[in-house]
Amino acid sequence: MKVAWAGSREAFQVSDRMAKLVANDPVFEKFSKPMLGRKELFKNTLRKAAYAWKLINDLRLTEEEAKWLRHYIDEPNYTDLHWEMFVPAIEGQGTKEQKKKWLPLAQTMQIIGTYAQTELGHGSNVQGLETTATFDRQTDEFVMHSPTLTSSKWWPGGMAKVATHAIVYARLIIDGLFHGVHGFIVQLRSLEDHSPLPGLTLGDIGMKFGHGTYNTMDNGVLRFDHVRIPRNQMLMRVSQVTKEGKYAQSDVPRQLLYGTMVSVRQTIVADASKALSRAVCIATRYSVVRRQFGSRNGGPETQVIDYKTQQSRLFPLLASAYAFRFVGEWLKSLYIDVKQRLEANDFSTLPETHACTAGLKALTTAATADGIEECRKLCGGHGYLISSGLPELFAFYVPACSYEGENVVMMLQVARFLVKTVSNLGYKQPVGTAAYLGRVTPLLQNNCAVQTAEDWLNPDAILEAFEARAARMVIGCGERLAMFENPEEGFAELSIDLVEASLAHCQLITVSVFIQKLNHEIPGNGVKRSLEVLCYVYALFLLHKHQGDFLATGYLTPKQASLANEQLRTLYSKVRPNAIAFVDSFNHMDHYLCSVLGRYDGNVYPKLYEAAWKDPLNDSDIVDGIQQYVQPILKQKLHYAKL
Ligand SMILES: CCCCCCCC/C=C\C/C=C/C(=O)SCCNC(=O)CCNC(=O)[C@H](O)C(C)(C)COP(=O)(O)OP(=O)(O)OC[C@H]1O[C@@H](n2cnc3c(N)ncnc32)[C@H](O)[C@@H]1OP(=O)(O)O
Ligand SMILES: Cc1cc2nc3c(=O)[nH]c(=O)nc-3n(C[C@H](O)[C@H](O)[C@H](O)COP(=O)(O)OP(=O)(O)OC[C@H]3O[C@@H](n4cnc5c(N)ncnc54)[C@H](O)[C@@H]3O)c2cc1C
């Protein structure tokens, strides 16, 4: 199962080696993090990042190994933006010459980059950005300027204190004409003494949610006061500006300007299963240790994992972790394919890839953020302790619902793709993840054939149910949209239904990828049979949760929906004996989990007790402030004290 989770024996070995490397090196200790102040926290992260870079070089780690190393260090920092956004932006949007100049510098970290798109006034609406890049023909330069307060760049990770360079998105202006938003490579700091370059105001935007997690990152604010950069620092693969000031667009579609976001959204989907599996591992192990009620004749109480209600909250999350792992793997292969095509100037699959990355990013991050919080509740009161590992994990993870495309905004992008696909149905056969929309007649006419709970243990029945629900919701939206004279008004008016239809479409992708995985790629019958159970749990849990959709579209009868729920209950009993094996298969080491509740050895209570004594408040019996503020109250003799 460890191999199935990792993707291959080689992938398992690489991640396992890196996990151990980090866990066994005292530099990467992280239990004390929540006790540190912001400055110490930040410096500590800088120290770890520098040490990690040294390890990467000394041990000659491959790109894959370096990624795992950074992952297991488990502290957001400037290198995330450098590797995940700055480098991909140059790779995807730079010309050959630009790549030749900038990539070697970035890949050896002689420069450190960030991705400065969002502003104080605009994040989702990229076309609404206000920073300007005005071409000056005389000097062959662009003048970067922040004309308003709201145009201040706001949020870019690593920008406040570390990055030496940034890809800055700004409105291109030539001779007073606006030519859309483009990316520019801008140097922010001196490579000699790290001071901000003249004309730039740079700082940190302040503390963020949670304490020891995202505050290791220096998210920044940046303002330009007429800062000049050479013309050849505009990323010019999509559009070019000549030294005469002529604006030209190559045959590369404009959408490629958004390409870095496709790349990172794909990574975010791949990462969702890591965060969810981490929370599920903690909650499952603890649910086996924790006992409440049910003692008979003085025997042990019931393990809370044996309560059906606990199972009905925990096991769908366990199944979701596996579903997200497989859909992340699938999306990665889709992305690798599109990347190769884009390099060869084949843009045909970009719209579908954009819809998949946007939609799956929204689906997986929302479910993971909610899932981590549910795992905290599944651990009862102890889940609220920092030492459970869950509050910090939640604080770290939850911004994924906002960054890299706010989730609702992303689902609306999926909706645009679906509406377009449906409106083209007469003359363009949909392919890939939208292929089912080419079979609308049977999907709209045939109803579910399930008659017993057992009938739900059939991949075809499940697939057809998810296809019919998505097709009916999408087609329904299309029909209602057609009634509006102005399509944009119609889209806005129906946006709530459109987001729901997009979710149904994305859930269909996730379920069908899981089924596909079982049909083709699982080595070993035992592993396959166990994963089949999780696949059914995932699908039937979604069906139960969204039964309103399945019933309202008329595909299911209430009886069939309740048979699905009955089957789900039976499936929970099949998951139970393997629950610990399923979470052990994630291969998460204690160091990575950073959780007393999720310890591999189950030795929870003594370690919780021990951890409590490490709190600085327990350094002495009488702490600072008691004499000054508590003792006087105890000793006072005021009238109202008698009340
Ligand atoms: C160790 C592991 C590390 C993990 C990863 C690291 C993460 C680090 C953590 C945080 C870093 C965070 C960074 C950021 O957040 S960077 C900022 C991200 N910002 C956004 O995501 C902004 C979201 N907004 C948009 O993407 C766009 O504004 C929009 C798509 C919502 C709207 O675009 P707009 O041009 O205004 O309008 P349209 O909807 O009409 O789109 C036009 C056209 O373009 C197509 N399209 C849109 N986006 C893309 C895309 N990304 N790729 C391809 N095509 C795209 C769209 O479909 C339309 O096409 P058409 O219908 O055919 O015309
Ligand atoms: C931790 C973190 C790190 C970040 N790092 C970076 C970075 O490195 N570089 C960078 O450039 N940016 C970064 N960002 C910024 C991030 O990309 C934006 O915050 C994100 O894209 C969301 O945009 P917004 O803040 O403008 O949200 P808004 O768009 O203002 O969203 C507010 C609300 O409005 C709704 N809404 C907005 N538009 C619509 C619409 N058309 N229809 C319906 N509802 C709508 C949203 O659903 C949401 O509920 C980071 C953000 C965070 C939290």
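1. Of the 643 residues of the protein, 45% count as buried. A residue is buried if 20 or more other C-beta atoms, placed from the backbone, lie within 10 Å of its own, exposed if 12 or fewer, and partly exposed in between. The model is a predicted one, in which local features need pLDDT of at least 70 and side-chain atom pairs count only at pLDDT 80 or more, while totals for chains, interfaces and linings use all residues. Residues are numbered from 1 along each chain as its sequence is written, and chains are lettered from A and ligands numbered from 1 in the order in which they are written.

2. Along the principal axes, the C-alpha atoms fill a box of roughly 90 × 80 × 65 Å.

3. The secondary structure comes to 22 helices and 11 strands. Both are DSSP runs numbered from the N terminus, helices being H or I with at least four residues and strands E with at least two. Among contacts with a separation of 6 or more, 73% join residues 24 or more positions apart. Two residues are in contact if their C-beta atoms, placed from the backbone, lie within 7 Å.

4. The protein is divided into domain 1 (2–75), domain 2 (112–250) and domain 3 (259–584); such bounds come from an automatic or database domain assignment. The C-alpha centres of domain 1 and domain 2 lie 31 Å apart. Between these two, eight residues of domain 1 are in contact with six residues of domain 2. The side of domain 1 that touches domain 2 has four nonpolar, one polar and three charged residues. In this classing, Ala, Val, Leu, Ile, Met, Phe, Trp, Tyr, Cys and Pro count as nonpolar, Asp, Glu, Lys and Arg as charged, and the others, Gly among them, as polar.

5. The largest nonpolar core holds 176 residues, and Val-537 and Tyr-538 touch the most other members. Helix H8 (residues 308–343) gives the most to this core, with 16 residues. A nonpolar core is a set of buried Ala, Val, Leu, Ile, Met, Phe, Trp, Tyr and Cys residues joined through C-beta atoms within 7 Å. Not counting residues up to four places away in sequence, Tyr-538 touches Pro-316, Ala-319, Ser-320, Ala-323, Val-511 and Phe-514.

6. Ligand 1 is surrounded by 29 residues, of which the closest are Val-126, Gln-255, Tyr-258, His-354 and Gly-405. Helices H4 (63–73), H5 (78–93), H7 (259–289), H9 (350–378) and H11 (407–423) are the elements that give two or more residues to this shell. The most come from H7, with six residues. A residue is near a molecule if its C-beta atom, placed from the backbone, lies within 6 Å of it. By class, the shell around ligand 1 divides into 11 nonpolar, 12 polar and six charged residues. Domain 2 and domain 3 each supply at least three residues of the shell around ligand 1.

7. Around ligand 2 there are 22 residues, the closest being Gln-117, Thr-118, Gly-123, Ser-124 and Trp-155. Strand E1 (113–116) and H11 each supply at least two residues of this shell, and the largest share, three residues, comes from H11. The shell around ligand 2 has 11 nonpolar, nine polar and two charged residues. At least three of its residues are drawn from each of domain 2 and domain 3.

8. Ser-151 sits in the loop between strand E3 (141–145) and strand E4 (153–154). Ser-151 counts as buried because it has 21 C-beta neighbours inside 10 Å. Leaving aside neighbours within four places in sequence, Ser-151 is in contact with Glu-119, Gly-121, Glu-130, Thr-131 and Ser-146.

9. His-226, in the loop between strand E8 (220–224) and strand E9 (227–230), has a positive phi of about 50 degrees although it is not a glycine. With 11 other C-beta atoms within 10 Å, His-226 is exposed. Asn-587, also not a glycine, has a positive phi of about 60 degrees. Asn-587 lies in the loop between helix H19 (579–584) and helix H20 (590–593) and, with 18 C-beta neighbours inside 10 Å, counts as partly exposed.
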